[in-house]
Amino acid sequence: MARSLCPGAWLRKPYYLQARFSYVRMKYLFFSWLVVFVGSWIIYVQYSTYTELCRGKDCKKIICDKYKTGVIDGPACNSLCVTETLYFGKCLSTKPNNQAKLGDQGNLSELVNLILTVADGDKDGQVSLGEAKSAWALLQLNEFLLMVILQDKEHTPKLMGFCGDLYVMESVEYTSLYGISLPWVIELFIPSGFRRSMDQLFTPSWPRKAKIAIGLLEFVEDVFHGPYGNFLMCDISAKNLGYNDKYDLKMVDMRKIVPETNLKEIIKDRHCESDLDCVYGTDCRTSCDQSTMKCTSEVIQPNLAKACQLLKDYLLRGAPSEIREELEKQLYSCIALKVTAHQMEMEHSLILNNLKTLLWKKISYTNDS
């Protein structure tokens with residue numbers, strides 16, 4: 001009897017293990033297939049959008065056809081369509097509808113004269129019909145308008161030319177505050193927390209970061225209540241800021257920097273349930289008036305507070321110990337700045353100058369600066 005029971009026990013155990021292994025394997029294969037299917041679908045959707053909106057050859061053909069028939073004109077048309085020394089490279093954005101209207105500005109007559117000067121691409125003293133049509137199309141774009149207004153400022157990329165609604169600006173060597181760029185397919189699968197930690201490892205030396213940060217503070221100063229009005233930075237992120245080989249800040253994408261008058265028109269009277277409904281871009285926020293259920297037109301944070309929020313981790317990592325405490329204190333005071341604060345403009349200038357002075361003082365005698 002002992003022999004007959006023992007083989008039975010040994011026979012049942014392999015069957016049980018085999019059944020369990022088959023179940024685990026099927027479960028693993030199912031989830032693997034699901035991950036591959038979902039990942040492939042995401043990549044397909046992203047690629048379809050990318051190829052649909054980044055159609056360089058089609059854009060060139062449309063622009064050059066209009067140029068050859070005399071509908072549009074500009075200083076970049078010959079290089080693009082005749083000599084073909086200007087060509088499309090990397091597609092930097094797949095976002096459509098980046099238009100905005102020109103609102104009321106201070107010194108409007110001076111702005112008009114400035115625009116007419118830029119519109120006269122061949123510098124013959126007259127604006128042709130093609131040049132006028134090109135200039136009008138370009139004026140619907142925030143970035144072009146800002147480049148015209150700030151063409152003599154250090155941190156605005158230089159406008160190299162235009163043709164129709166295509167405009168050419170100087171190349172920026174590094175197109176993010178952080179020194180690592182990954183293909184968009186890989187970016188989809190990297191957790192945001194891990195990505196932030198990885199970004200912090202790939203940055204220039206601290207003195208160079210300080211110089212880049214000073215550039216951002218100076219740009220904030222350029223767009224704050226300038227001769228042509230106040231401009232609001234509605235998407236301050238690392239990918240919209242770059243720098244050259246001398247570590248001078250250069251704005252990479254200025255399409256979400258809008259005239260304050262325009263933003264007020266866009267957002268006022270928008271229906272809202274909470275303050276979360278009163279956002280333009282990612283960083284321009286107003287409040288929701290609960291009595292009328294409408295968004296107010298006054299933004300909550302000035303550009304400087306948003307810039308300091310971006311720079312906080314960037315500057316504090318690796319900061320010299322002798323200034324770290326003071327730097328942290330000034331950055332948090334800057335982040336707390338509100339548009340509605342009493343004597344806001346005075347506080348704004350004071351905080352901005354204090355930060356610039358602290359940073360310059362520390363790097364002015366270093367080779368990296």
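**Disulfides, aromatic pairs and helix contacts in a predicted model**

In this predicted model, both Cys278 and Cys295 are buried.

User: What handedness does the disulfide of Cys278 and Cys295 have?
Analyst: The sulfur atoms of Cys278 and Cys295 lie 2.1 Å apart, and the two residues form a disulfide. Cys278 is found in the loop between α10 (260-267) and β7 (279-280) and Cys295 in strand β10 (residues 294-295), so the pair ties together parts that are 17 residues apart in sequence. Because the torsion about the S-S bond is about -90°, the disulfide of Cys278 and Cys295 is left-handed.

User: Is Cys64 buried or exposed?
Analyst: Cys64 forms a disulfide with Cys81, their sulfur atoms being 2.1 Å apart. Cys64 lies in helix α2 (residues 56-68) and Cys81 in helix α3 (residues 77-81), so this pair ties together parts that are 17 residues apart in sequence. Buried means under 20% relative accessible area. Because its relative accessibility is 5%, Cys64 counts as buried.

User: Which geometry does the aromatic pair of Phe144 and Phe162 have?
Analyst: A search of the whole structure finds five aromatic pairs. For Phe144 and Phe162 the ring centres are 6.4 Å apart and the planes stand at 80°, and planes over 60 degrees apart count as edge-to-face. Since Phe144 lies in helix α6 (residues 142-149) and Phe162 in strand β1 (residues 159-163), the pair ties together parts that are 18 residues apart in sequence. The geometry of Phe144 and Phe162 is therefore edge-to-face.

User: Is Tyr174 buried or partly exposed?
Analyst: Tyr174 and Tyr243 form a stacked aromatic pair, 4.7 Å centre to centre with 20° between the planes. The pair links distant parts of the chain, with Tyr174 in the loop between β2 (166-169) and α7 (184-187) and Tyr243 in strand β4 (residues 241-243), 69 residues apart. Tyr243 is buried, with a relative accessible area of 3%, whereas Tyr174, with 32%, is partly exposed.

User: What is the C-alpha to C-alpha distance between Leu315 and Leu331?
Analyst: Leu315 is placed in helix α11 (residues 303-316) and counts as buried at 1% relative accessibility. Leaving aside neighbours within four places in sequence, the contacts of Leu315 are Trp206, Lys209, Ala210, Ala213, Leu327 and Leu359. Leu315 and Leu331 are 16 residues apart in sequence, and their C-alpha to C-alpha distance is 9.4 Å.

User: Which residues does Gln330 touch, not counting residues up to four places away in sequence?
Analyst: Gln330 has its place in helix α12 (residues 321-335) and is buried, with a relative accessible area of 13%. Once residues up to four places away in sequence are set aside, Gln330 touches Asn354, Leu355 and Leu358.

Technical notes
Residues are numbered from 1 along each chain as its sequence is written. This is a predicted model: local features need pLDDT of at least 70, side-chain atom pairs count only at pLDDT 80 or more; totals for chains, interfaces and linings use all residues. Side-chain values use heavy atoms; hydrogens and water are left out. Rings of Phe, Tyr and Trp (its six-membered ring) pair if their centres lie within 6.5 Å; planes under 30 degrees apart count as stacked, over 60 as edge-to-face and the rest as tilted. Helices (H or I, at least four residues) and strands (E, at least two) are DSSP runs, numbered from the N terminus. Buried means under 20% relative accessible area, exposed over 50%, partly exposed in between (1.4 Å probe, protein chains only). Contact means heavy atoms within 4.5 Å. A disulfide is a pair of cysteine sulfur atoms within 2.5 Å.
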